[in-house]
Amino acid sequence: MKYIGIDVSKATFVVAYSCEKSGEIRTFTNTTTGIKQFIGTLPKDGSIHCVMEATGNYSALLLYMLNIAGLTVSMENPLKVKNFARAMLSTVKTDQNDARLIALYGEKMTPQPFKVQGEAVLRLRQKRTVIRQLSKQITALSNLGGSLDCLPVPDKGASHTVEETIKFLEKRRDRLQSELTGLVEAEFSRQLALLTTIKGIGITLATALIITTGGFTYFQNAKQVSRYLGICPTYEQSGSSVNIRGHINRHGDAYTRGLLYVAAWPASRFNAQCKETYTRLRSNGKSGKLAMIAVANKLVRQAFAVVSHDKEYVDGFVSNRP
């Protein structure tokens with residue numbers, strides 16, 4: 001397998017066809033035309049494995065077209081590549097050098113191929129992103145309106161503009177939210193129905209889990225989901241002097257992580273297994289926050305289980321398996 005490193009930016013992407021310093025380096029425009037030109041330079045015998053860093057929307061089109069062309073491609077966390085560069089004592093940072101380093105990373109680390117997101121998930125992600133941004137703008141404008149009302153000589157024109165803008169944004173946000181809910185119900189109706197049988201998981205969190213996990217197709221087990229969401233505890237041990245159980249790693253999707261933590265509160269009261277987990281940890285002297293994180297992890301395991309086995313959740317169920 002020959003690994004090709006790709007360093008992606010907004011306008012262009014740099015391709016290192018080899019990790020060797022004498023290897024070929026080419027730059028293409030980050031457009032449909034440029035990507036087609038790049039694909040045309042690659043053999044179609046399955047001997048190529050493209051590796052790139054996750055750069056948000058800038059790499060989305062390239063990733064999508066490479067998958068459509070039937071080429072193997074990996075999307076790696078930039079932090080992993082950055083730490084790999086430190087391990088290799090790399091001191092030069094240019095687009096060309098980064099592309100070679102990514103190719104070397106692929107050769108040494110043999111990353112797993114990336115599973116392309118389905119059209120429905122891509123649309124859901126876009127809708128959720130815009131909804132979140134609109135909500136932030138509405139909050140900012142509401143705060144602005146409140147500060148204007150405190151002035152000794154308020155301007156009616158300014159206040160009216162803020163109020164009208166808030167109404168406009170709220171209408172657009174609500175319409176997008178309705179479209180998002182409708183799309184989830186149409187494309188992932190079974191998963192949505194299964195997830196909402198779990199006490200503590202409502203439609204909002206169920207939708208977020210479906211979007212984050214690509215309909216529970218991106219991960220092989222619940223532990224991988226928890227690690228991606230950033231709710232796994234860290235642990236440091238070295239010799240006899242260092243033995244630290246730290247905080248959660250906080251990697252991955254902060255939005256879904258926040259929803260899980262909020263959902264853990266009602267789950268710790270009304271979900272039998274979550275309640276048992278919370279009560280046991282608290283009785284052992286653990287803090288309330290730590291217990292809630294454990295409950296959030298329990299919810300992830302329950303969610304993965306009901307979707308994987310295609311069975312509704314039974315509260316208080318006890319397995320008879322040895």
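Of the 322 residues in the chain, 39% are buried (under 20% relative accessible area with a 1.4 Å probe, protein chains only; exposed is over 50%, partly exposed in between). The model is predicted, so local features need pLDDT of at least 70 and side-chain atom pairs pLDDT 80 or more, while totals for chains, interfaces and linings use all residues. Residues are numbered from 1 along each chain as its sequence is written, and side-chain values use heavy atoms, without hydrogens and water.

The chain holds 12 helices and 7 strands. These are DSSP runs numbered from the N terminus (helices H or I, at least four residues; strands E, at least two). Along the principal axes, the C-alpha atoms fill a box of roughly 70 × 60 × 45 Å. Among contacts (heavy atoms within 4.5 Å) between residues at least 6 apart in sequence, 61% join residues at least 24 apart.

The largest pocket contains about 2,000 Å³ of space. A pocket is an open set of points on a 1 Å grid over the protein atoms alone, where a 1.4 Å probe fits, with protein on both sides within 12 Å along at least five of seven lines; lining residues have an atom within 4 Å of a point. The volume is the space filled by probe spheres set on the points, which are joined across faces, edges and corners. The lining of the largest pocket counts 38 residues, and Ala54, Met75, Phe114, Gln117 and Tyr228 are the closest to the centre. Two or more lining residues come from each of helix H2 (60-68), strand E5 (72-76), helix H3 (78-87), helix H5 (119-149) and helix H9 (222-229). H5 gives the largest share, 6 residues.

In H9, the buried residues are Ala222, Val225, Ser226 and Leu229. They lie on the same side of H9 because they cover an arc of only 100 degrees around the axis (taken from the directions from the helix axis to the C-beta atoms). Their cover includes helix H8 (203-213), helix H10 (254-270) and helix H12 (288-309). At the start of H9, a side-chain oxygen of Asn221 comes within 3.2 Å of the backbone nitrogen of Lys223. Just after H9, Gly230 has a positive phi of about 85 degrees.

Most residues other than glycine have a negative phi. Thr110, in the loop between helix H4 (95-109) and H5, has a positive phi near 40 degrees. Asp310, in the segment after H12, has a positive phi of about 55 degrees. Thr110 is partly exposed at 45% relative accessibility, and Asp310 is partly exposed at 40%.

Note on methods. A polar contact is a pair of N or O atoms within 3.5 Å; within protein, one must be able to donate a hydrogen and the other to accept it, and residues adjacent in sequence count only if both atoms are side-chain atoms.
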